[in-house]
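Take a look at the structure below. A few questions and answers follow it.

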Amino acid sequence: EIVPRGSELNAHFKMRMLLTKHLILALDRLTPPRADLMVGSEMSLFLSGDTEFKPDITIVPESMLSQNVRGPDVLLAIEIAFSSQKRNLEVKPPIYAQSGLRELWVVDLDGKVTHVHRQPGAEGYQSITRHAFSDALAAREFPSIPVRVADFL
């Protein structure tokens, strides 16, 4: 199924760019720096034979060829929902979880909340929590890299 998408609006674009920049710089500042990782923007993710998504942001091993990246290879995926909540909160998470994607964040710009999905399984994510934009979040793989969405608004 091909899903038509409208033009990317400024709020979505700005959030994607600022979060991407923050993650790149933060990985570089870690001790030791994580030069073995790559932060991608709208990178194709092949979840099964006929399912491809392009999360807004992904963190994957730099050594991987993009066409070989699968769900378990992704350390963190971030979707930014701006009038696309149904797709990003209801349709995509179960598919990501079934593919083994470790951690998914959905930044809901309209609802001003970030949904953090962890513990993927065949039935979906076993842990889903909601966080205010003012909360400091950290991915399980990167506990020393705080992200406060409010800082990017």
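These turns cover a predicted model, from its inner space to its strands.

Q: How many cavities of 30 Å³ or more does the structure hold?
A: A probe the size of a water molecule, rolled over the atoms, shows where empty space is left. At a cut-off of 30 Å³ or more, the count for this structure is one cavity.

Q: How much space lies in the largest cavity, and is its lining nonpolar or charged?
A: The space in the largest cavity is about 30 Å³. Its lining includes Leu23, Trp105, Phe142 and Val147. Ala138 and Ala139 are also among the lining residues.

Q: Which element gives the most residues to the largest nonpolar core?
A: This core has 26 residues, and Leu19, Ile59 and Ile78 touch the most other members. The elements that give two or more residues are α1, β1, β4, β5 and β6. The top contribution is five residues, and it comes from α1.

Q: Which residues is Leu19 in contact with, leaving aside neighbours within four places in sequence?
A: Leu19 is one of the core members that touch the most others. Set aside its neighbours within four places in sequence. The contacts of Leu19 are then Ile57, Ile78, Ile80, Val107, Val147 and Phe152.

Q: Is Lys92 buried or exposed?
A: Lys92 lies in helix α2, residues 85-99. Leaving aside neighbours within four places in sequence, Lys92 is in contact with Phe53, Glu79 and Arg87. Buried means under 20% relative accessible area. Lys92 has 8%, so Lys92 is buried.

Q: Why does Glu103 count as buried?
A: Glu103 sits in strand β6. Leaving aside neighbours within four places in sequence, its contacts include Leu76, Val116, His117, Arg118 and Arg140. The cut-off for buried is under 20%. Glu103 counts as buried because its relative accessibility is 2%.

Q: How many Å apart in space are Glu103 and Glu79, C-alpha to C-alpha?
A: In sequence, Glu103 and Glu79 are 24 residues apart. In space, C-alpha to C-alpha, the separation of Glu103 and Glu79 is 11 Å.

Q: Which residue in β3 does Ser48 stand opposite?
A: Strand β2 covers residues 45-48 and strand β3 covers residues 51-53. The two pair in the antiparallel sense over three bridges. A hairpin through two residues joins β2 to β3. Opposite Ser48 stands Thr51.

Notes. Residues numbered from 1 in each chain as written. Predicted model: local features only at pLDDT ≥ 70, side-chain atom pairs only at ≥ 80, totals over all residues. Heavy atoms only, no water. 1 Å grid on protein atoms, 1.4 Å probe; cavity = no way out; pocket = protein on both sides within 12 Å on 5 of 7 lines; lining within 4 Å. Points joined across faces, edges and corners; volume = space filled by probe spheres on them. Core = buried A, V, L, I, M, F, W, Y, C linked by side-chain atoms within 4.5 Å. Buried < 20%, exposed > 50% of the residue type's maximum accessible area, 1.4 Å probe, protein only. Helix = DSSP H or I, 4+ residues; strand = E, 2+ residues; numbered from the N terminus. Contact = heavy atoms within 4.5 Å. Pairing = 2+ DSSP bridges.
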